[in-house]
Protein chains: 4
Amino acid sequence: MAKIRAKVVGAGGYGGVGLVELLLGHPEVEIVALAAAADVGVAMSDLWPHLKGFCDQTILSYDDPRAREPADVVFFATPDGVGMRHAEEEMARGARIVDFSGDFRFQTIERYEEYSRRAGKPLRHASPHLLPGAVYGLPELEDPRLGADSRLVGNAGCFAVSVLLGLAPAAQRRMVRPGRLIADCKTAISGAGKKPQSGHHYPARYENMNAYRLGGHQHVCEIEDALERIGGRPHRVVFTAQAVPMCRGILSCLYGELEDGWTTESVLDAYRDFHARHPFVRVFDRSAAVGTAHVRGSNFCNLIVDVDERTRTLRVISHIDNLVKGQAGNAVQNMNLMFGLPQTTSLYRFGSNP
Amino acid sequence: MAKIRAKVVGAGGYGGVGLVELLLGHPEVEIVALAAAADVGVAMSDLWPHLKGFCDQTILSYDDPRAREPADVVFFATPDGVGMRHAEEEMARGARIVDFSGDFRFQTIERYEEYSRRAGKPLRHASPHLLPGAVYGLPELEDPRLGADSRLVGNAGCFAVSVLLGLAPAAQRRMVRPGRLIADCKTAISGAGKKPQSGHHYPARYENMNAYRLGGHQHVCEIEDALERIGGRPHRVVFTAQAVPMCRGILSCLYGELEDGWTTESVLDAYRDFHARHPFVRVFDRSAAVGTAHVRGSNFCNLIVDVDERTRTLRVISHIDNLVKGQAGNAVQNMNLMFGLPQTTSLYRFGSNP
Amino acid sequence: MAKIRAKVVGAGGYGGVGLVELLLGHPEVEIVALAAAADVGVAMSDLWPHLKGFCDQTILSYDDPRAREPADVVFFATPDGVGMRHAEEEMARGARIVDFSGDFRFQTIERYEEYSRRAGKPLRHASPHLLPGAVYGLPELEDPRLGADSRLVGNAGCFAVSVLLGLAPAAQRRMVRPGRLIADCKTAISGAGKKPQSGHHYPARYENMNAYRLGGHQHVCEIEDALERIGGRPHRVVFTAQAVPMCRGILSCLYGELEDGWTTESVLDAYRDFHARHPFVRVFDRSAAVGTAHVRGSNFCNLIVDVDERTRTLRVISHIDNLVKGQAGNAVQNMNLMFGLPQTTSLYRFGSNP
Amino acid sequence: MAKIRAKVVGAGGYGGVGLVELLLGHPEVEIVALAAAADVGVAMSDLWPHLKGFCDQTILSYDDPRAREPADVVFFATPDGVGMRHAEEEMARGARIVDFSGDFRFQTIERYEEYSRRAGKPLRHASPHLLPGAVYGLPELEDPRLGADSRLVGNAGCFAVSVLLGLAPAAQRRMVRPGRLIADCKTAISGAGKKPQSGHHYPARYENMNAYRLGGHQHVCEIEDALERIGGRPHRVVFTAQAVPMCRGILSCLYGELEDGWTTESVLDAYRDFHARHPFVRVFDRSAAVGTAHVRGSNFCNLIVDVDERTRTLRVISHIDNLVKGQAGNAVQNMNLMFGLPQTTSLYRFGSNP
C-alpha cells in the first residue's frame, strides 16, 4: 500500500519538530515536504541537529512550488491565522488537514471570535465557512465526526487536552455542578514556543514561577465548549495558567463541587469506565505516586482522581507532556483516526527516565 | 544596651542556616550557641562554606553544657518533637522561644493531635500545658498576644504563611463563603529540608512536578484555625501541595466563592487596607507581572488580588520565599516583636535578581 | 530464529532501566529475568512508572532460582564487585556477559588493583583468572577480540567513552605527545547513580558546579590503557571530573601538544578517516554549533576537532549522553557485536529535543 | 562628609542592576542618576521588581540633561563602544570612570584592536588617547596605578577575573612555562547578558552544555596582557569558553606545565602568600569541597590549588560569581580604591545558600 504523503507547515518550531520525530517513526507515512516561514533553505537537521542523518530535508518556503505539491495530509504546526488561509486550497487538492492553532477548534464564528478576543490579538477568520465542517481534535472525547470521514481537524490545545481528559468524565456523568470549575494549570516553558522572549530567557526563568495572562485566557472557550458538548449543559471554568521552570510537562489541578450521591469509589469507577477504551489515559487513586516525569516524551495522560469528602470537592490531577499528548502526539493520533489506522500507530511508546 | 543573646538549635539545616544568616546581620543580636543533632563538632562555616570568616563557631551537641548556657532567645529550627521537650527548661532559665515546627502552633492539645495525625507520624505532645500560652507566630495576623509579652511563639509554617497572607483579608472582611476555599500551592524543593531523599535526588527532580500527600496535609489545621480566629467563623480548605523543580519559592493560588456585594475594586481596596500596616506585604492587581523571583531572598510577600466576575470567584496569588518569609525571616520578625524592636530590623532588604 | 534471552542484574538503577528501555525495543532480544539487590518483589513498572504496560515484570532477588535460569546474555548493570563474583557461573551455564563496572575492564590484576585503589575503595578481585579473557567494550576501538567470539566484556565507563572517542585517533596516528594529555570532563548528575546523596540533593545541586575527587580519579587507568593499546606507546592523562546541574550528558574538553607536521586540516582528515566506519560518531570542525542536547537520549558521540595554531595544541570537544553511549547504549552495541548482529540494531535512533 | 555621587549608565542590564544593589548598601555613595538606552522612563523598580521601595528612580535617557549632571563617579555598565564615547566628557566635569566593557582594558590601541577583532565585531576606538591613562581594574593584581589617583578604570572581564586570580601567582612566581597555559572555563548563562537569544531560551538551554566561539575568544588578550605585566614574560593561553545551565557562576580549570623545583607544598605556599593581602580570595588544597554555590552572591573567589605530580602539571580551579567578583562587585571594589576607601566597603558579605 502506498504510504500517506505528509506535509508539515511550520516544521521548524517545537510543534513541527515534535511532529517530524513521530512521523519519521510512523510505518505508514512519508514526509513529502517541510515548509516554514523562517529558516527557509536550511536543512531540518541543521536546525535540529539531533535529526542529522534522519531528516536532512530542506525547509521550503510555503510559497515554493515544491511545498505546494499535493499531499494526503497537511499539518499546520503554525500559530493562529495561518491554517485558516491555506486549508481550503490544500483540501481542494485532496489533502486532509490537521491544524495546531485555534483556527479550526470552534464550530461557529462567534465562538472563534470570543476565543480570538480572549487571546489578546483578535483576528478576522479567513475561512468562516469551513468552521461547521471542522472537528475538534481530541480522540478521547469520542466525537463520532472524528474518523475516516474527517477532512479538517482542529488539534486540541495543550492546556485543553490536560483539562478535558481530567474533566470530561465528570461532565459527561454530571458529577459536578457546572457553575464553577477551577483549572489551576502549570506548564513547562516549551509550551510558549521556540521564539526567545525576556520572560523565558534562561536566567530570568531559572528560579521563577508565575501566573500569567490572568485577565484573558483563551483556553477557557475551548474547554467550556467541549464540556458542554460532552455533558449537555454549560460549564464555567476559572482558569489560571502558571509557568514553571521545566522544559516539558503540564500539571493541572482540577476542582469541582461534587453533586450529591457520588463517593470516592463511585467517582473513581466512573473515571475508569470512561477512560477504559482510551489507550493513552491511565487513572490512579490518590495514593499513587505520579509526576509529569512519568509521561515525559510519551503520549500518555496520567490522572489522579480524588474526592475531598470534608468539602464534597472533586479533585483531579492531570499530567501530560505538553509537546506530545498536548500537541504533536495528539495530532498524529488524530491523523491515525482520519486514515482508518489504529490510533496508537507510532505512538504507543514510553518516554525516557530520568 | 546589651545585645540579645541568641541560641540556635538545629543550626545545620536550611532553617538554621537561614536564621544564622539573618542574625549575623542583626544589629541587636549576638549568637551565643549553635546546636544540632548532626554535624556536632563541625564549624558552621565548614558545613556552610559561604559563611567562612563570618560564622566559624562550632556546632555543639544540645546536650553539651556550653549549649545549655542561658540565652535571651532560643530558636528551635528543628522538626516536630524537639522544641516541645526543651522549651520549658529554656524558658525557666529566662529565654523566650521561637519554635519552627508544629509543636507550638496550636492552642489546644486536640488541635495539635489532629495536626500531628494528619502529618502522618502522630506524636504525643511532651508539654501540652504550654499550649494555651503559646502564640501563633505570623505578625500580619496582628494577634495582640504576639508582642513584648510573648515568651513562646510557634513560628508559622511556610505553606500557612503563603496561604494566610492571601486569605486573611477575605476571612476578616467576610468576602468569601467559608465552606470551600481552595489552596493550590506549589513549593520549591528546599521546603522539604536538607536531608537527601529519592524524590528530590537531582536527576529525579530535575524535570518533574507532582502533587504529594493528597490524603493528609497537616497544614490545613493551622490555616483553618487562623482563618477562624481572624474571621470569627469556621472555614474549610481544600489543600493541594505540589513540588516543582526550583530551590526557593512558594506560589499559592487561592480560590473562594465571593459573597454578594463585593466587586473587583472593593476587594482590592479591602486587601490594600488590611495590609497597609504590613511592611512586607505588597498588593497588586491582576495586570501586574509578579513572580516568585521578585521575592527570592527577601521577607516580602507579593499578592495578586483578582476577581473572576463570570463565576464570582475570588482569586488570590501569593508569592513568598519559603525559607525567608516562610521560615527564618518570619522567625526574626517574630523575635523583633517579642523584644520590642521594629519588626523590620535586619529584615527590610531586597533579594537578588537574576 | 529464537530470540536472545537476556537477563539484567541491577535492573532498578539508572543503568538497568536504560538497558531495559533499549532491550524492549530490540527485535532480537527477550528479557527473561530482572534482578536486583533492592526493590525485590516490586514490578519494574512500579519502580519506573513510565514503563507501565511495557515492562511489568517483577524484580527478583538474584538469589531467586528464577533469576538463575540460563540466559544467552547476562548484563551486570551493577557497581564494582558484583559481576566478578557471578560471571563465571553464568558463563558456565552458557551465557555471555556484559559487565557495567570496572570488574572486567582490565586485562591484568595489577591494572585492576591500580584502578581499584584510585577508586578509593580497594577491592580484592574475585576472579582474576578471567581477566586475560575479558575484552574492553568500546566498539570504536576496533579490538578484533570484541566480536562473535567474545564471552566476557567489560563495558567501558562513561568518562572513558567520552575521552577515548575523542583521543583514540590522536593516539593511533601519533598526533600528540603522550606525556601530558588533559581531559577536562563535565558530567551531568545521573552519572552518579540513583542513590540520593547530599551533594546531589536538589537544592544543593541546583545552582552549583564543582570539581570532585581531584586526588584519585580511577578513570585515568582505563583511558591510559586503551590509548596505549591503540597507539603503541604509553600516555599520561590529567583528568578533572566536574559535576554540573543537568540530568544527562558529558562534555569533555581534551587537550594535547601537537606533534610537528600536523595542521588543522590534516588533523580533521585523520579524525574523519578514523571514525568513518563508526555509525555513532560524528566529527565537526570548530565552526559547528554542537551541544550535549544534540546527543541526549541517543547513542551518538559528537566531536568537535580543532587546532590552536598559536600554541600547537590539539583541542577536541566530545559530547555524549552518559546513560546511553556512556552506558546502556554502548552495552547493547557490544552485545550486538557479540551475537553477530549489526552493531546499530535497536540503537540507530535520534533522541528528542527540546 | 558628602557622599560620593554615583551615576550608572546601562542601569537596566544585569551589570547595572547588580551595581545598583551594591551601591544601595554602600554607606558612602548616593545614586544621582540611572541612565540606559532601553526602558527609558521606566522606574528601576518596575523593571526590577525586587527593588520596589528600595530604588524607585526613573531610568533616564543618557541624552537627558538630568543624566548629564555632574557626578563623582560614572559607571558605564554598557557593552563595548559606549564608554569610549562619553568618558572624556564625564571626566572633564570631574567624574572618575569605571567602565565594564573592553573599552579601557588595554593600554595601547594595537592591543585594543586585537581584542576587538577577536571579539568578532571590530570597533574603531573613539578615544585612543585615553588608553595610556586607563588602568586595568583588578585589585588583586596590585597595580600601583589603581588607587586614589586613578581617574579611568577598565573593569576586568568576568572570565579574565576568574582566570587571573588563578594564574597570577603562577605567573609572578614563574611557576609554569609560559608557552601553553590552558583555561577551560564554564560560565553560567547570566554572563551572556539580559537580552533574549535562541541559545539561551529556557527550553533550549535547560539540559544543554556546549563550548562556543572556539575560534576567537577575545578574553585571551586581556589575560595574556595581565600575565605578562605581572610576570615579566609573555604567556600564551588556550581558552575554551563553555556555557552550562545555571544562572550565576564561573568555574575555570587552569593548567600549566610546572617549572622544575616546585612541589605541591611550595606551590600552595606561594599561592597563599600571594593572596594573603586579598580579602576576597580564599586558597584551598585539593582535599577541600568547593563549588560555585559557596561564592554565589558574594565578591569572593575560591581557589583550589593542586599539582599533578605524575605529569608535573599545575592545576588551579577558580570559582567566582560572574555578576559579583566577575562584574559589579569588582567594579565597586575598584571604586573604593579610587576614593581611598577600604576595598571591602559594602562588599564584605556572604551570599545565600542554598
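This is a predicted model: local features need pLDDT of at least 70, side-chain atom pairs count only at pLDDT 80 or more; totals for chains, interfaces and linings use all residues.
How many residues does the contact take from chain C and from chain B? Select those two chains and look where they touch. The contact takes 14 residues from chain C and 15 residues from chain B. Now color the chain C side by class. You will find seven nonpolar, five polar and two charged residues there.

The predictor gives the complex an ipTM of 0.97 and a pTM of 0.97. Chain A has an average pLDDT of 97, and 100% of its residues score at least 70.

Next, select chains A and B. Here 42 residues from chain A meet 42 residues from chain B. Several elements of chain A each supply at least two residues to this side. Click through the strands: β8 (181-187), β9 (210-212), β10 (237-243), β11 (250-257), β13 (301-308) and β14 (313-320). By class, the chain A side has 19 nonpolar, 11 polar and 12 charged residues.

Now hide everything but chain A. Give its two domains two colors. Domain 1 covers 4-155 + 325-338, and domain 2 covers 159-322. Their C-alpha centres lie 24 Å apart.

Zoom in where the domains touch. Domain 1 of chain A gives 21 residues to this contact, and domain 2 of chain A gives 27. On the domain 1 side, select α4 (109-119) and α9 (324-338) of chain A, the elements that give two or more residues. The largest share, six residues, comes from α9(A). Last stop: color this domain 1 side by class to see seven nonpolar, eight polar and six charged residues.

Technical notes: Residues are numbered from 1 along each chain as its sequence is written. Chains are lettered from A and ligands numbered from 1 in the order in which they are written. Two residues are in contact if their C-beta atoms, placed from the backbone, lie within 7 Å. Ala, Val, Leu, Ile, Met, Phe, Trp, Tyr, Cys and Pro count as nonpolar, Asp, Glu, Lys and Arg as charged, and the others, Gly among them, as polar. Helices (H or I, at least four residues) and strands (E, at least two) are DSSP runs, numbered from the N terminus. pLDDT is the predictor's confidence in each residue, from 0 to 100. Domain bounds come from an automatic or database domain assignment.
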